[in-house]
Amino acid sequence: MSAVEFSIVTADDTIPLVTDTNAEGTYLLLSGSGGLGIAPRQARFGVGAGEGGSYRGSRVLMRDPELVIRVYGLNRADTEANINRLVRAVVGRPGARSPRLVAQYATGEVYELPFVYVSGGEDSYLPDSSDLHTTIEFVTRTPKPFWTARDALSFTVRNVPTTAELLDDLAALTLSSATAFGVRVVDNPGDVDSYLDWEIEGPGGPATVTIDGIGFVVDAELIAGETRFVNGRLGEILDADGDSRYAELGPVPRFPVLPPGQSIVIVDLEAASPGAWVTSDEVAYTNAVSEPTLTETAATWSTWSDGNGTESHATSGFDTAGITGVAEAGYMQIEWAAGADPEAAIIVDVPVSAGHTITPSMCVWATRAQKVQAGLWLLNAGGDVVAAAFGPSTELPASTAVRMAIPGSVLGAIPDGVVSARFAVSTFVSECVSWESGDRFRGSVANATNSESVLTPFTGDTEHCDWTGDADESSSVQYALERVGESKIIGKWKPRKELVY
């Protein structure tokens, strides 16, 4: 495959252009094509009274690409149909968006070069033509001479030091006080200057933007949610209704471009606000355990022990110290009336669905220091094990709760036919010690979340969470947070290239 794949794209069609003569394709872009390299310039010189002259700059002209395309078909009628398809794409329709020559890199980057048909294709049957192929030469013109990225890049400047992702760690979502925004280093991967568009959202103002000493001021105090849009190429500023706000620009505004490579962008918004985090309607994660803290029932929990152990359930009293997001919890317990072998397990079963990813976790506690290990089994409707995973052997200090988990990335997506998962923390490992009379082994605060990594435990009673489903068959959901009333300035640009190769 070529490093760059070319195509002609219109509003309703995409025509791939093969560049490798050994590759199969209906349309072959031949090596005689030209005008796709460096854009032409018009240099200006001044002639003085002395010898020679002086260079007074240059301007980039429109380029006139010549596209030499060989069209193939299975027979004469098929070749004609393929020619007509190409002509419709290249010539275009009055009032429609201009066709674009598109270059897609193997990395996924896409650059476009809009063009207008000028001439070519007047002779429908050239000397090298046959029923199976013909060659057409098109002359085009590109009003905008540089290859421009299809997808814009952007950066956001805000006065909050951290960005909140979905609720991975609620304790980390701290907000700073209102301050000046400061400095950002921005990297432009293009090889020519790119125009910048700006979005300034209040509260706050005035706003100042400079790049390499060139910039502008929006001399307005915006309220929360009020926005100004600055078009750097056109030199205009609009509000959310599309009305001009040019009068809000400070004296002699200069709209900076973004040079290739790294640039220092200085942005300031007076009286900026970090906003506040509020609960959105978007569900971030679901915990499939219906009794995660056992404060009501223990219907999906169970235990196993090798003799002299008695199972019991308490609705309160589990040690939640150090467990974020959980204030009160019951527990499932094994208590030994006499000495016994060390093998024991606390188990919880949860429903699962094929294609999902599950990360189970559980907090365990024991009166005696032990070695424990987490295990996960995926079961089909008949109770047969389809897949299993085990965590490392872990120290469980006496009278100290420890959370055990198996990241969902270990097993990946749940296979077809799996309907439930069994998660257990056990002492089925070497170096365990025997239980003595009066010893207790407890489990509680279980999560089985649709995630690849281990999350902070949550239930429907945790902040930003809720219960869903029927009583005793419910799940708990954790909602994503969204920031409201936040001041920010967003810069957007499309990288541009002189040529693609």
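This dialogue goes through the predicted model shown above, from its overall form to single side-chain contacts.

Reader: What should I know about the numbering and the limits of the model before I begin?

Author: Residues are numbered from 1 along each chain as its sequence is written, and side-chain values use heavy atoms, with hydrogens and water left out. As this is a predicted model, local features need pLDDT of at least 70 and side-chain atom pairs count only at pLDDT 80 or more, whereas totals for chains, interfaces and linings use all residues.

Reader: How many helices and strands does the protein chain have?

Author: Helices (H or I, at least four residues) and strands (E, at least two) are DSSP runs, numbered from the N terminus. In this case the protein chain has 1 helix and 36 strands. Its radius of gyration, taken over C-alpha atoms, is 33 Å, well over the 23 Å that the globule rule gives for 501 residues, so the chain is more spread out than a compact globule; the rule is 2.2 Å times the number of residues to the power 0.38. The C-alpha trace spans about 110 × 65 × 45 Å along its principal axes.

Reader: What share of the residues counts as buried, and what share of the accessible surface belongs to carbon and sulfur atoms?

Author: Buried means under 20% relative accessible area, exposed means over 50%, and partly exposed lies in between, with a 1.4 Å probe and protein chains only. Of the 501 residues, 44% count as buried. The accessible surface, from the Shrake-Rupley method with a 1.4 Å probe, comes to about 24800 Å², of which 49% belongs to carbon and sulfur atoms.

Reader: Which contacts should I look at to see how the chain is joined in sequence terms?

Author: Contact means heavy atoms within 4.5 Å. Among contacts between residues at least 6 apart in sequence, 73% join residues at least 24 apart.

Reader: What does the salt bridge between K371 and E431 tie together?

Author: The two side chains meet at 3.3 Å, N to O. K371 lies in strand β27 (residues 370-380) and E431 in the loop between β31 (418-426) and β32 (440-449), so the pair ties together parts that are 60 residues apart in sequence. K371 is buried at 13% relative accessible area, while E431 is exposed at 62%. Elsewhere, salt bridges that share partners join R158, E201, R483, E486 and K488 into one network.

Reader: How many aromatic pairs are there, and which geometry does the pair of Y117 and F138 have?

Author: Rings of Phe, Tyr and Trp (its six-membered ring) pair if their centres lie within 6.5 Å; planes under 30 degrees apart count as stacked, over 60 as edge-to-face and the rest as tilted. The structure holds 12 aromatic pairs, and Y117 with F138 is edge-to-face, at 6.3 Å centre to centre and 75° between the planes. This pair links distant parts of the chain, Y117 in strand β9 (residues 116-120) and F138 in strand β10 (residues 133-141), 21 residues apart. Y117 is partly exposed at 26% relative accessible area, whereas F138 counts as buried at 2%. Ring pairs also link F155, W198, F216, F255 and W493 into a cluster.

Reader: Which charged ends sit over rings?

Author: A charge sits over a ring if NZ of Lys or CZ of Arg is within 6 Å of the ring centre and within 35 degrees of the ring normal. The charged end of R442 sits over the ring of Y331, 4.0 Å from its centre, and that of K497 sits over the ring of Y111, 5.4 Å from its centre.

Definitions and conventions
Salt bridge = Lys/Arg side-chain N within 4 Å of Asp/Glu carboxyl O.
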